[in-house]
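Subject: Structure handover and findings

Dear colleague,

Please find below the structure that I am handing over to you. My findings follow it.

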Amino acid sequence: MQDSVVLKGLLAIAALACGLALAAGFFGAEAHPFDSASHFRFQLALVLLVLALLALGLRAWGTLAVSLGFAALGLAFSLPWLLPREARPPAAGQPGYTLLQMNLLYDAPDKAEALRRIGEARPDIVTVQEVTYEWQDLFQNLSESYPFQTYCGLENERDGVAILSRRPFVGDALCQARNGRVTQLVDLNGRTLAVTSLHLDWPWPKHHWKQIDDMGASLRRDGGPSLLGGDFNAAPWSAAVRAVADAGGWRIVRGIGPSWLTVRFSQIWPRWLGLPIDQLLVSPEVLVDQVETLARTSSDHLPVLLRFSLLPAPPAPTQSVAEPATAAFEDPDTKPAAGGA
């Protein structure tokens, strides 16, 4: 009898602790430590479901109610982001394009696997993170298929970012190595698409909120389609991802699902227990046709493939004088990115 009382007490404490951690995540915009808890919303909801089953077995009705209530809250505000979305055809009369988003893992044991995945998917554009000089040398082997390559931050040893493209670049890239960001304009059949590869640091107490604040308004490009692929180290429902989306005028793509699980644990735990920290953000002119994760490489992140199309371009306004050529996002505190092959 005494043991049962102790177990019920411990179960109640565990349920309340998990529930409060889950609830705190909804206030991440006001307190960044709370946002760090929000990234585990789905996992906390699963733990609460397990605690609910234990409470049912012990006839701990109060704990059962608390566990189910918080679990329902967590699932309601995480599952819609994780469930696969249906594929749709490209916009009528518009060509379709593909973008592959990959965190390479700077010291991946078999780097050839990432190259094979690119060769299998044959995307128009590739956004990559954790790029090193060794990875850059390997990507030169793809220069015939991807003649347009730009790199940023390789001197940071493991935090470089890059964009590879079959399609021509327009102008110089914008490189913000301190923020793990490179942005490059890409010519898609006469339409200029601004593509960003982004790698944020870990959440609080690390520095990804400082990176978000530093980038600020430089993320926005008015008057043209834009697309961002990156490793945010943050869940799609978090205040951090929302802050980036709001700054750039983007919407967050749903349906990617869990994309990160350590290489070691990926052989033990199912993929759906991982964290959904690889994100795609698109401007209103970009239509998402399909998004899916591809087979694992030697990285701890899954590759994410986006199929997209563009809304028809609006009629060009009548111009009495010539306008300057389209430029990348303006930021006087950045430098041009390094070009590749």
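Predicted model: local features only at pLDDT ≥ 70, side-chain atom pairs only at ≥ 80, totals over all residues.

Helices α3 and α4

Helix α3 spans residues 41–58 and helix α4 spans residues 61–76. Their axes lie 8 Å apart, and the packing angle is about 155 degrees. Because angles over 145 degrees count as roughly antiparallel, α3 is roughly antiparallel to α4. The crossing of these two helices is left-handed.

On the α3 side, the contact is made by Arg41, Phe42, Ala45, Leu48, Leu49, Leu51, Ala52, Ala55 and Leu56. On the α4 side, the contributing residues are Trp61, Thr63, Leu64, Ser67, Leu68, Phe70, Ala71, Gly74 and Leu75. By class, this contact comprises 14 nonpolar residues, three polar and one charged.

The loop between α3 and α4 contains Arg59. Although Arg59 is not a glycine, its phi is positive, at about 60 degrees.

Helices α8 and α9

His208, Trp209 and Ile212 of α8 make the contact with Ala239, Ala240, Ala243 and Val244 of α9. Six of the contact residues are nonpolar and one is polar, with no charged residues.

The peptide bond from Trp204 to Pro205 is cis, with omega near 15 degrees.

How many cavities of 30 Å³ or more does the count give? The count comes to one. The space in the largest cavity is about 40 Å³. Its lining consists of Trp81, Pro236, Val253, Arg254, Gly255, Ile256, Gly257, Pro276, Asp278 and Gln279. By class, the lining of the largest cavity divides into five nonpolar, three polar and two charged residues.

When you inspect the backbone, please look at the positive phi of Arg59 and the cis peptide bond from Trp204 to Pro205.

Yours sincerely

Technical notes. Residues numbered from 1 in each chain as written. Heavy atoms only, no water. Axes fitted to C-alpha atoms, helices over the stretch in contact; angles between N-to-C directions. Helix = DSSP H or I, 4+ residues; strand = E, 2+ residues; numbered from the N terminus. Parallel < 35°, antiparallel > 145°, perpendicular 65-115°, else oblique. Left-handed = near helix turned anticlockwise from the far one by under 90°. Contact = heavy atoms within 4.5 Å. Nonpolar A, V, L, I, M, F, W, Y, C, P; charged D, E, K, R; others polar. 1 Å grid on protein atoms, 1.4 Å probe; cavity = no way out; pocket = protein on both sides within 12 Å on 5 of 7 lines; lining within 4 Å. Points joined across faces, edges and corners; volume = space filled by probe spheres on them.
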